[in-house]
Amino acid sequence: MIYVFDTSSLRELFRHFYQSRFPTLWELFNILVNEGQILSVREVLNEVKSKQGEHDLIYTWAQSNRKLFLTPTEDEIGYVKKIMNHNHFKHIIPRKSILSGKPVADPFLAAKAKSLNGILITQELLKPNGAKLPNVCDYLEAQWTNLEGFMEKEDWLF
């Protein structure tokens, strides 16, 4: 299985599952990273970089695992266009982010998950009639879950 990680889930991992306290989790996680089963998109790396001071552990980890932050393929760009051309999902990129040039990974994450038939891992919640990442995944018919769901799918017990 391929898991596509959102910034929110990486933050959750680094905030609550310290490597010194949960070594088995991190051993298992790193196995999946090394096997290419965990990946993300370039824009997540850019989001992490833009908040470097706030999330130093994530930044350090991301820098040493740059290979898993992939650039979009042509197929994925097609899905991003489909998302952005949908009137309801144009708001997935906040106007403030556009004006300030802040990175926004959401459409690229949904496109990556759909393109690879993977599962998007995000802490965002499905919001009825919303323009959240889970809503976009449902629109594209891409699978998604949260960090807890990811651990359940991997049958991890600690």
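Biologist: Where is Trp156 found?
Modeller: Trp156 is located in the segment after α9 (147-153). Please keep in mind that this is a predicted model.

Biologist: Is Trp156 buried or exposed?
Modeller: Trp156 counts as buried, because its relative accessibility is 12% and the cut-off for buried is under 20%.

Biologist: Which residues is Trp156 in contact with, leaving aside its neighbours within four places in sequence?
Modeller: With those neighbours set aside, Trp156 contacts Leu25, Leu28, Phe29, Leu32, Phe150 and Met151.

Biologist: And how far apart are Trp156 and Val33?
Modeller: In sequence, 123 residues separate Trp156 and Val33. In space they are 15 Å apart, C-alpha to C-alpha.

Biologist: Let us turn to the rings. How many aromatic pairs are found in the whole structure?
Modeller: The search finds 13 aromatic pairs. One of them is Trp26 with Phe29: the ring centres are 5.4 Å apart and the planes are at 70 degrees, so the pair is edge-to-face.

Biologist: Where do Trp26 and Phe29 stand relative to each other in helix α2?
Modeller: They are 3 residues apart in α2 (residues 23-34), which puts about one helical turn between them. Both Trp26 and Phe29 are buried. The rings of Trp156 and Phe158 also form an edge-to-face pair, because their planes are at 70 degrees, with centres 6.1 Å apart.

Biologist: Is Phe158 buried or exposed?
Modeller: Phe158 is exposed, with a relative accessible area of 54%, whereas Trp156 counts as buried.

Biologist: Which residues do the ring pairs link into a cluster?
Modeller: The cluster consists of Tyr3, Phe5, Phe14, Trp26, Phe29, Trp61, Phe69, Phe150, Trp156 and Phe158.

Biologist: And which residue lies over the face of Tyr139?
Modeller: That is Lys82, at 5.3 Å from the ring centre of Tyr139.

Biologist: Now the sheet. What is the order of its strands?
Modeller: The sheet is open and has 5 strands in the order β3-β2-β1-β4-β5, with parallel pairing. β3 (69-70) and β5 (143-145) are at the edges with a single partner strand each, so one side of each has no neighbour in the sheet.

Biologist: How many bridges join β2 and β3?
Modeller: Strand β2 (residues 38-41) pairs with β3 in the parallel sense over 2 bridges. Within that pairing, Val41 has Leu70 of β3 as its bridge partner. On the other pairing of interest, β1 and β2 are also parallel, over 2 bridges, and Val4 stands opposite Leu39 in β2.

Biologist: Which way do the side chains of β2 point?
Modeller: Ile38 and Ser40 point one way, Leu39 and Val41 the other way, and all are buried. In a regular strand, side chains alternate between the two faces of the sheet.

Biologist: Which strands does α7 lie across?
Modeller: Helix α7 (residues 106-116) lies across β1 (3-5), β2, β3, β4 (119-121) and β5, and runs at about 135 degrees to β2. The loop between α7 and β4 holds Asn117. The phi of Asn117 is positive, near 55 degrees, and Asn117 counts as exposed at 58% relative accessibility.

Biologist: Changing topic, why is α8 described as largely enclosed?
Modeller: Of the 8 residues of α8 (residues 133-140), 6 are buried, so the rest of the structure largely encloses this helix. The buried residues are Leu133, Pro134, Asn135, Val136, Cys137 and Leu140.

Biologist: What covers those buried residues of α8?
Modeller: The cover includes α5 (74-85), α7, β4 and β5. Just after α8, Glu141 takes a positive phi of about 60 degrees.

Biologist: Finally, where is Asn65?
Modeller: Asn65 is in the loop between α4 (56-64) and β3. Asn65 is buried, with a relative accessible area of 9%, and its side chain makes a polar contact of 3.4 Å with the side chain of Ser64.

Note on methods. Residues are numbered from 1 along each chain as its sequence is written. This is a predicted model: local features need pLDDT of at least 70, side-chain atom pairs count only at pLDDT 80 or more; totals for chains, interfaces and linings use all residues. Side-chain values use heavy atoms; hydrogens and water are left out. Two strands pair if DSSP finds at least two bridges between them. Helices (H or I, at least four residues) and strands (E, at least two) are DSSP runs, numbered from the N terminus. Contact means heavy atoms within 4.5 Å. Axes are lines fitted to C-alpha atoms, for helices over the stretch in contact, and angles run from 0 to 180 degrees between N-to-C directions. Rings of Phe, Tyr and Trp (its six-membered ring) pair if their centres lie within 6.5 Å; planes under 30 degrees apart count as stacked, over 60 as edge-to-face and the rest as tilted. Buried means under 20% relative accessible area, exposed over 50%, partly exposed in between (1.4 Å probe, protein chains only). A charge sits over a ring if NZ of Lys or CZ of Arg is within 6 Å of the ring centre and within 35 degrees of the ring normal. A polar contact is a pair of N or O atoms within 3.5 Å; within protein, one must be able to donate a hydrogen and the other to accept it, and residues adjacent in sequence count only if both atoms are side-chain atoms.
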